[in-house]
Each structure stands twice: as structure tokens, then as C-alpha cells.
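Q: I am new to this structure and would like a close look at a single part of it. Please take me through that part slowly.

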Amino acid sequence: MTQAFAPLRDFVNDRYAQMLLVLFAVVSFSVLVEQAYMPILAKILVPWLCLIAVINASRNLRAAMLLIATVLLFLNVLTDWYRVANHSFMISFIGLGLFLMVAAEEKGADVMRFMARYILCALMALALVQKLISPYYMSGNLMADYILNEPSIFSNLINLFVPDHLNTLHQINQIERNLVNSPLTDTATRPLQVSPLIPVIAMMLTYASLFWQAALEAVLLFKSKLGLWTHRIIIFFVLIIYATVDENEFLSMNCLLGYAMTDDSTKRARFWYVLMIFFLLGFKLTGIRLNLIS
Amino acid sequence: MFDAVLNLIKSRIWVIAYIFMGLITLNVGIQIYTHQTTALTPWKGGGFGMYTEPHSDSRYVWIRVNGIDENGKGSSADIRLHPKAGFMVTWQNAVSRGGSRSLQRISNAAESLRFYPNDANMSALADFASRIRWPDEAIGDLQPTNGERFVPSDITVLVAEKYVDVHDGEMRRRVIAEYRPTELGGIE
């Protein structure tokens, strides 16, 4: 059994650049399928361009395919910049990064490692800063909004401590509909009857999320000292988010960047990243959600 | 030619990589600034501000048609374009294919502007809405102040957002953007 997977494991571990192109093809395909605003031309062309880039060894052809795919992704972002999700920006950045990696040939891997680490560092740091300066987030209301409006978020778990929580969710859904359908001139406030534990849980989740984001930022900054632990923590972070909200595409991009950060001393992590990406996107495309902690 | 470009990139790869990272940071900076100074949602625009403010699914787009009632007094009627008000769904199913397409277009425009309501796209929506002959179900006996048809300056576009204040035990709705075109229509 192990021998059957050996060629796959060797490919994942030893063909760094080629595997990144495979992962880019897979992730961009998933984004193209999911994003409603993506132009149809990009939806048709990008996966094929990626495929040609993967199977061709010629630098020029590979770079040309990646460049065209990236230009298509960027055109989508430029024409609809305030409608497309941040996923589209991220996958476009990754595409351009890979183009530079291919163009740089033997220096490509080092450049890609630097860019991947920088993008992940910037993502975590800037997301953390925006949380810290947002009164809505810091007051715990954002987390409360999620717990009260998204039945998939910890509802069964909370139900163990907060009696009748599932019924409360149903009532809040009715209140929300009532608020949405009320005339604009109406007093736009509706009372919520929630357990006193809900604000406490919301604050706990708020600070837990801040802690994890800060911890991940620290791990990325001290990557060279932590070695393989950097990657274990990134994968653990991805799993925590996966267990909470449906952000599989964005998480798969984080894994792709994690893979791109690996070097010879941490190549053991590569297989885990690839496994995570296929797990996340496989479940996304089939519509199955495990809701590990719901 | 392409080979030469790639070789040039290769020879200056670290400079290009640093510039590229700088551009990513600049993009995020511009998005954060725009979000802080306008109604742009932090969920869009590449600013990594997801999960800081209510999602754009919590935003609703309305138009307020301003006119006069049967007694000649100033009056108005509010119509929710996104999500579509109940009467719009029934109306859209009952009208001709062209009419249905037109109603769908205005609904799509409303859906789109909730991410970044600004003067330009709200003005365009007001212009679009003024060209629709709204049924009595939507505006009752409301008449245009001047002439027989409503004009863009009769229409106010409003974007409202739903949010939760769990500490006060309330769910609230607030107007986050409001725009009414000038007499001439469009922005100045």
C-alpha cells in the first residue's frame, strides 16, 4: 500500500515547481467554478492554460501559459474589483508569483519561498490589524452575529451549555426576516432574547481568534527557528478555520502558500499540504461539509 | 522577444519580487483606506478585512420615490430592490420578457452596488429606477412633483445594513449610504 503511494509522495516532495503548478491549477479551477463574477472566457481558458504549463518543461511556454492565465485572473479583478471576493485577488497574486518563479529558473524556488512567506505574513498581520481597529469585531458582536445567524457554527456544541439554543436560532431567523421586510421608516430595532452565556461565548471566540492570528503571525516571523513546527501550526490553523466556517478555497490558497514556503529541511510538510488542499477542495466541490465542531 | 523579457526578469528577479510585494501591500492599504473613508465593505477589494464587519449579505438596497400625494402634499414611497420586495417577484413573473429583463437588471444593479455604494453607482441606479413605471402596489397614489414622469432627482437610493448588538440584546438596521441625484440627474 505504502509502495503504491511512493511515486506520488516522491513527486510531491521532489518536484517543487511542478507541484506548485499542479496546485495552482487545482485551486484556480475551484475558484473559477465557485466565483459567479468570473467571465466565462476565463473559466474556460485558465484550467487549460494551467494544464499546458504543468505538462510542459519549456520555460518559455510554461511562463507564457502562466502569464496569460494570470492576466485573465487580473482582468477579472480589475473590471470588478469591488464585487470579486478577496479569493480572486489572492489567486491572481499567486499566479503572478508562479510566473516570476518560472521566469527566474534556478533562483525561482528561493524567490517563491520569500514571496509566499511575505504574502502569508501580510495576510495575517493586516487581517489582525483590521480586527483590532474594528469596534464591531472587538465588541464581540461579529462573533455573536455568526453564532446567532449561522446554524453551522458551534450550534450543537453551544446547545450543550445553552438550553434551547437551537430554538433561539430559529426565533432569531424569524426576527431577521421581520426586520428585513419592515418598511425603511419603521424603527429599525428588534429585541433579541438570548442567553447571557452567548455574549460570553462571543467574547471568548473573538479573543481566541485574535490569539490564533497573532500566534500564526509570530510563527511566520520566526519560521527559520521553528522549522517543521511552522508548517504544523499553519495546518492546525487551517483545520481550526475549516471546522468553523466554509472558507475552503481561501484555506487551500493558504496551504498552497505553505507548500511554497517549504525547503529541503521541511519537505516532509509538503505531502500534508497537498493532502489538505485535495481534502478541502474535494469536499468543497462535492458540497459535503463535515462540520467537525458544530 | 519573450525569451529576452524572461531573461530580464531573471536578472532582476529580487528587485521585481520586492516591487511585487510592495504592490500587494499598496493594494491592501488602498482598500483599507477606502473602507475606512467610504461604505466599501471590508469583505471585498483585496484588503484581507474579512470577518471584521457584517457581511455584504447583511446589506439591503432601497429606493425612495419622492413626489406628491393626491392632495398635492409632499410624500414618498420606499421600494426594496435587493433582496427583491415581494411585489417585484410577482410583477416580474407577470410582465413581458423585455419588462422582466429590465426588472432583473435593476435588481442586479442594486445587488452589485451594496458592496461599494458610491455617488456614481447610486446615481446610475436612480437614473434606471426613474425610467420604470412603478405599479400602484409599490408607490400607491404617489405622483411626480413636476410633469407626468418621475425623474432621477425624484429618486433617493439608500443602502441599509443589519447588525447585532448582543450586549444590548438587539438586532438593528442602519442606513450606511444615501444619495439623491441633483436636478440635472447624475453627479456634479
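Which residue stands opposite A:Pro191 in strand 4 of chain B?

A: In this predicted model, the residue that stands opposite A:Pro191 is B:Glu170, in strand 4 of chain B. That position belongs to a pairing between the two chains, in which strand 1 of chain A and strand 4 of chain B, residues 170-179, run antiparallel and are joined over three bridges.

One helix pair across the two chains can be followed in detail. Helix 5 of chain A, residues 86-103, packs with helix 2 of chain B, residues 13-37, at an angle of about 175°, and their axes are 11 Å apart. Because angles over 145 degrees count as roughly antiparallel, helix 5 of chain A and helix 2 of chain B are described as roughly antiparallel to each other. From helix 5 of chain A the contact takes A:Phe93, A:Leu96 and A:Leu100, while helix 2 of chain B brings B:Ile13, B:Ile16, B:Ala17, B:Phe20 and B:Ile24. By class, this contact between helix 5 of chain A and helix 2 of chain B has eight nonpolar residues, with no polar and no charged ones.

Chain B also has a strand pairing of its own, which can be read alongside the one between the chains. Strand 1 of chain B, residues 59-68, and strand 2 of chain B, residues 74-82, run antiparallel and are joined by eight bridges, and in this pairing B:Trp62 stands opposite B:Arg80 of strand 2. The hairpin that these two strands of chain B form has five residues between the strands, and B:Gly72 takes a positive phi near 80° there.

As for the confidence of the prediction on the chain A side, the mean pLDDT of chain A is 88, and 96% of its residues reach 70 or more. Among the elements of chain A, the lowest mean pLDDT, 80, belongs to helix 12 (residues 223-226), and the highest, 95, to helix 7 (residues 135-138).

Conventions
Residues are numbered from 1 along each chain as its sequence is written. Chains are lettered from A and ligands numbered from 1 in the order in which they are written. This is a predicted model: local features need pLDDT of at least 70, side-chain atom pairs count only at pLDDT 80 or more; totals for chains, interfaces and linings use all residues. Two strands pair if DSSP finds at least two bridges between them. Helices (H or I, at least four residues) and strands (E, at least two) are DSSP runs, numbered from the N terminus. Axes are lines fitted to C-alpha atoms, for helices over the stretch in contact, and angles run from 0 to 180 degrees between N-to-C directions. Angles under 35 degrees count as roughly parallel, over 145 as roughly antiparallel, 65 to 115 as roughly perpendicular and the rest as oblique. Two residues are in contact if their C-beta atoms, placed from the backbone, lie within 7 Å. Ala, Val, Leu, Ile, Met, Phe, Trp, Tyr, Cys and Pro count as nonpolar, Asp, Glu, Lys and Arg as charged, and the others, Gly among them, as polar. pLDDT is the predictor's confidence in each residue, from 0 to 100.
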